[in-house]
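User: I am new to reading protein models, and I would like to learn how to describe one feature at a time. Could you take me through this one?

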Amino acid sequence: MRYAICFTPAASDPLTYAAANWLGRNVFSGEMVEPTAIRGLSIHEVAFLTAVPRRYGFHGVLKAPFRLAPGVSEEQLLRDLMRFCGTLTPFHIKQLEVARMGGFYSLVPSLPCEHIHYLASAIVQQFDRFRAPLSDADIERSDPDGLSAAQFANLHRWGCPHVMDEFRFHMPVTGSVSHQDMPRIELALRNVFGPVLAEPVKVSNVALMFEEGNGGPFRVHSLHPMGKVTARRERVAVPA
């Protein structure tokens, strides 16, 4: 079993519903969702485009999937994550937007957000002791020959190339999209997500996600509120 530490909106958030309808799976329950009709795209095409992000569920990764290191337990991970989140101050991402990242599409902050970058870096460092060392197969799957020097160093130090200065927060909504299809797919994505991206996104929980079985889908194991219990309702940082 693998775990990942991520951000995903609350189960009742309109963005969560929109993402579940697009991806065809609810990241909280793990249940499949009947896709809604989307102009210009067939059901089969949507299923193909969303196959990869459907497996991982709607999320923005903060600490990439990892297996537990020898000598640590899920209970310890949960306890430490709860304590860590109690030291954090909730904040907002001013706005997310649909953006192409290489050959796939994600929802990304429309402006740089230092809060989310700091959060990811802190989590990577704080919870590294829970991560089992990468196997040779894990390293090979990361395509080390295609990494920059900084990414290669991150892979061996932190188990993931895209951390620290190489980190860019994103919430994937497609797998690989062919170049000729990109304008059509991007338009469809803007139509699907546009209505729920007008408001700032509140980041007030950190999600522990887990992989069902070996190579199965990921879903939310638990949400961990940020901030002290008595202050959670009052403290929300000014948007970055």
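Analyst: Let us begin with a definition: two strands pair if DSSP finds at least two bridges between them. Keep in mind throughout that this is a predicted model. With that rule, 4 strands here form an open sheet in the order 2-1-8-9, and the pairing is antiparallel.

User: Which are the edge strands of this sheet?

Analyst: The edge strands are strand 2 (60-66) and strand 9 (218-225), each of which pairs on one side only. Neighbouring strands of the sheet are turned against each other by 20 degrees on average, when direction is ignored. As a detailed case, strand 8 (residues 205-211) pairs with strand 9 in the antiparallel sense over 7 bridges, and E211 has F218 of strand 9 as its bridge partner.

User: Where does helix 5 lie, and which of its residues are buried?

Analyst: Helix 5 lies across strand 1 (3-7), strand 2 and strand 8, and it runs at about 15 degrees to strand 2. Its buried residues are I116, L119, A120, S121, A122, I123 and V124.

User: At what angle do the axes of helix 1 and helix 8 cross?

Analyst: The axes of helix 1 (residues 14-23) and helix 8 (residues 182-193) cross at roughly 140 degrees and come within 10 Å. Angles over 145 degrees would count as roughly antiparallel, so helix 1 is described as oblique to helix 8. The contact is made by L15, A18, A19 and W22 on helix 1 and by L189, V192 and F193 on helix 8. Sorted by type, the residues of this contact are 7 nonpolar, no polar and no charged.

User: Are D143 and M164 buried or exposed?

Analyst: D143 is partly exposed, with a relative accessible area of 45%. M164 is buried, because its relative accessible area is 18% and buried means under 20%.

Conventions. Residues are numbered from 1 along each chain as its sequence is written. This is a predicted model: local features need pLDDT of at least 70, side-chain atom pairs count only at pLDDT 80 or more; totals for chains, interfaces and linings use all residues. Side-chain values use heavy atoms; hydrogens and water are left out. Buried means under 20% relative accessible area, exposed over 50%, partly exposed in between (1.4 Å probe, protein chains only). Helices (H or I, at least four residues) and strands (E, at least two) are DSSP runs, numbered from the N terminus. Axes are lines fitted to C-alpha atoms, for helices over the stretch in contact, and angles run from 0 to 180 degrees between N-to-C directions. Angles under 35 degrees count as roughly parallel, over 145 as roughly antiparallel, 65 to 115 as roughly perpendicular and the rest as oblique. Contact means heavy atoms within 4.5 Å. Ala, Val, Leu, Ile, Met, Phe, Trp, Tyr, Cys and Pro count as nonpolar, Asp, Glu, Lys and Arg as charged, and the others, Gly among them, as polar.
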